[in-house]
Amino acid sequence: MNNNKNKDSNFIVKGILSDAERIKKNSNYLRGTIQKDLKNNITNGFEGDNFFLIRFHGMYQQDDRDIRQERIYQKLEPRYTMMLRCRIPGGVITTKQWLKIDKFAISNTFYKTIRLTNRQTFQLHGIFKNKLKLTHKMLNSIQLDSLATANDVNRNVVCSSNPYESYLHYESYKWAKKISDHLLPKTHAYSEIWLDKKKIFSNEKEPILSESYLPRKFKISIVIPPNNDVDIHANDISLITIPDFINKNKILGFNILIGGGLSIEHNNHSTWPAIASEIGFVSIKKILSVVESIVTIQRDWGDRTNRKNAKTRYTIKRVGIDNFKKEIESRSGIILKKNYPYFFLERGDKFGWVKGFNGLWYLTIFVPNGRISQYNHSNIRLGILEIAKAHTGTFRITSSQNLIISGISDNNKKKINNIAIKYNLIHNTSLLRQNSMACVSFPTCPLAMAEAERMLDGFIKKLEKIFLKNNLIDEYIVVRITGCPNNCARALLAEIGLIGKSPGKYNLYLGGNRIGTRIPSLYIENCNEKVILEKLSILITLWSIEKKNKEGFGDFVIRKKIVKEITNSSEEFWKK
Ligand code: SRM
Ligand code: SF4
C-alpha cells in the first residue's frame, strides 16, 4: 500500500491554515504543555492550546451554563469541569467494568451520572481538573481509555448491536475493534500524561494520521442489515456487513459507503448534511487497507484552511467521487468490486427479551436519554447495578443511547428478568418515546443554543396526547431534538427533527424516513414548542386519517408534498 500517493496533487487545498493546524503541528504529538497545566492550581481550566489538545485525549472543558451568569456577576471563574468520553468500539463493556465506572461516577464526578452516547460509549460529566489522572487511572485499571474519542482523529467505531444476529454481530464487532486499533494515534502522550508512564520520544511517528492528525473528526460505522441501528449516514465511512453465502455466520466482506455527515450551520449555505455514497465491495481480508486509504486521502485532501468544510463529504464534493474512488484503489492496490444488494427494514433498538442464534438471551433496556443518574430515574441506575452484579457477561451500549444485557444463559434468565421487573426496566414506555432521541445540550454543552435532553420528556408527553387523540397508540414517529445545528442527536435523519436556534426556539424539519436514509426538509423556522406542537397536531391527525397501510409519517409528508423530498442534499438542502 502506498499511502503517500498524490501528496502534491491538485486536490490539496492551498491557503492559510486554520489555527487548529498550528496547534496540532506544534503539539509534539499531542503533548502541548498539558502536564505543566495540570500542576496549575490557580484555575480549574486549561490554558491556551491545551484547551484544544485535551480533546484528543478524550476530554472537553465545560462550565455549567445554568450558573454561568451568576458566576460572572459574582466575579468568579466559571465552574470549569471536564467531560470525559470513553473509547468502547462496538459499545461492548463487561459488567465488572460497569460496576467500577458506576462507583467512580457516583463518588468522583460533580453530576454523579453516566451518560450513554449515541456512538455506543459513555461520558462522565463534571470531573474537576485535580481528579483527571485518577479518572484515567481508574479506566486503565479496567482496560479502558479515552484516547481519540474527540477531535481530529477517527472516533469510537460503532457497530450494530442487534442481538438477533448473534454470530454475525460477533464477527462485525471484532472488525470494529480491529479498525479502531489500527487507526488509533500512536503517540505515547496519553500514557505519559495521564498514567505517569515513562517518556518515550524515540522514533515517535504517526504513519497514518501524520503529525498534524486529520483535518477534522472522522467517524466509522459497521452495520448488519436489515436494521440501520447505527445510522450509517452520520459517518465518513460506513461498512455494510455482507454475510458469506455458504456459512451465513461468517462475513464475506463489506459494501463501502463514504461521505455521510449531518452537521450544518444555520443559514451557512456552504454547509450541508449528506447521505453517504456507495463506492463498492471489498472482501474481508482487504478491509483494513481500504479503510486506511480512505483515511489517508482525507488526511491529505481534506480542507485544512476552513474547519467548517473540512469533513470527508466536502472533500468528495470538491474532488468528485470518481477521483476519490480511483485514489482509494491506487493507494490500496485493491480494485473495489460491485456492491452486493442489501436493504434496510428498520432502525433503532428492539426492547425486551430476544434469543440470539447462539442460544443465549439478550435483554434490551430503554434508558431515557442514555442518562444513568444517582438522582433522576435512579431506579434505572439501581436496576442496572443489580443486574451487573448478577450477570457475569457483557453489556452493549447501543447507538440509540440504550443498554443491552447480552449473552444470558437459560439458567440465569429468570434471575435477570426478576431484577428487570423489580426496577420496571421492561416495557416501560411508548413506541413513540422509544424511537425518540435528544442530544445532551444544556447545561454542560458549550455549543447549545436551545434545550434538548431536558426538553425531550415533556415534548414526547405532549406528542403522546396527540397520538392518543388520533388512535395511534401502536404507531411511532422517529423524533429527534438537537440543541444546535451540529446535529449530535442526528435530527437530520429523523422523521420529525427539531434543531435549536436560540433558547426556546427551534427549526422544524420533516420528511426523513424511518430507516434513516433520507434527509428531512425545513418546514418552519424559529418557532417555540407551542407553535411546533400545533403544526404537528394538524399533520399527525391528517396522517392518521390518510396514511396508506404502514406508511410512516416522514413518507406521508413527502407523498402529500407537505415538504419537498431531498435526493441530492448538497444541491437541494437550502433551496426554498
Ligand atoms: Fe457531537 C460537538 C455531544 C454525537 C456532531 N458533541 C459535541 C460536544 C463535544 C460539544 C463541544 O464540542 O464542546 C458535545 C458534548 C456535550 C456534552 O455536554 O456532553 C457533543 N455528540 C455528543 C453526544 C454525547 C450526543 C449524545 O447525546 O449522545 C454524542 C457523542 C458521540 C460519541 O460517543 O462519540 C455526539 N455529534 C454526534 C453526532 C452523531 C453521530 O456521530 O452519530 C454528530 C453528527 C454526525 C456528524 O458528525 O456529522 C455530532 N458534535 C458534532 C459536531 C459537528 C461536527 C461537524 O462536522 O461540524 C460538534 C461540534 C464540533 O465538532 O465542532 C459536536
Ligand atoms: Fe451540544 Fe449542539 Fe451537540 Fe447538542 S447538538 S450536544 S447542543 S453540540
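**Figure 1. Lining of the second largest cavity in the predicted model.** The second largest cavity is lined by F351, T364, F366, L425, I426, H427, N428 and Q434. This structure is a predicted model. About 40 Å³ is the volume of this second largest cavity. Its lining residues divide into four nonpolar, four polar and no charged. In total, the structure holds three cavities of 30 Å³ or more.

**Figure 2. Lining of the largest cavity.** Which residues line the largest cavity? They are S161, N162, P163, Y164, N227, D229, G348, D349, K350, T364 and I404. By type, the lining of the largest cavity comprises three nonpolar, five polar and three charged residues. T364 is listed in the lining of the largest cavity, and T364 is also listed in the lining of the second largest cavity.

**Figure 3. The second largest pocket.** Four elements each supply at least two lining residues: the strands β13 (371–373) and β16 (436–438), and the helices α14 (431–434) and α15 (453–469). Which element gives the largest share of this lining? Helix α15 does, with five residues. Sorted by type, the lining of the second largest pocket has 16 nonpolar, 13 polar and 11 charged residues.

Figure 4. Where in the chain is N369 placed? N369 sits in the loop between β12 (361–365) and β13. The phi angle of N369 is positive, at about 55 degrees, although N369 is not a glycine.

**Figure 5. Packing of helices α7 and α9.** Helix α7 covers residues 166–183 and helix α9 covers residues 287–301. The two helices pack with their axes 11 Å apart, at an angle of about 45 degrees. Because of this angle, α7 is oblique to α9. The crossing of α7 past α9 is right-handed. On the α7 side, the contact is made by W175, K178, I179, H182 and L183. On the α9 side, I287, L288, V291, E292 and V295 take part. Seven of the residues in this contact of α7 with α9 are nonpolar, one is polar and two are charged.

**Figure 6. Packing of helices α5 and α12.** Helix α5 spans residues 95–108, and helix α12 spans residues 378–390. The axes of α5 and α12 come within 9 Å and cross at roughly 140 degrees. Why is α5 described as oblique to α12? Angles over 145 degrees count as roughly antiparallel and those from 65 to 115 as roughly perpendicular, while the rest, apart from those under 35, are oblique; the angle between the two helices therefore makes α5 oblique to α12. Is the crossing of α5 and α12 left-handed or right-handed? The crossing is left-handed. Helix α5 contributes T95, W98, L99, D102 and I106 to the contact. Helix α12 contributes R381, I384, L385, A388 and K389. The residues of the contact between α5 and α12 divide into six nonpolar, one polar and three charged.

**Figure 7. Two cis peptide bonds.** P225 and P226 are joined by a cis peptide bond with an omega of about 15 degrees. P226 is placed in the loop between β7 (220–223) and β8 (237–243). Another cis peptide bond runs from F442 to P443, where omega is near 5 degrees. P443 lies in the loop between β16 and α15. Both β16 and α15 are among the elements that supply at least two residues of the lining of the second largest pocket.

Methods: Residues numbered from 1 in each chain as written. Chains lettered and ligands numbered in written order. Predicted model: local features only at pLDDT ≥ 70, side-chain atom pairs only at ≥ 80, totals over all residues. Heavy atoms only, no water. Axes fitted to C-alpha atoms, helices over the stretch in contact; angles between N-to-C directions. Left-handed = near helix turned anticlockwise from the far one by under 90°. Contact = heavy atoms within 4.5 Å. Nonpolar A, V, L, I, M, F, W, Y, C, P; charged D, E, K, R; others polar. 1 Å grid on protein atoms, 1.4 Å probe; cavity = no way out; pocket = protein on both sides within 12 Å on 5 of 7 lines; lining within 4 Å. Points joined across faces, edges and corners; volume = space filled by probe spheres on them.
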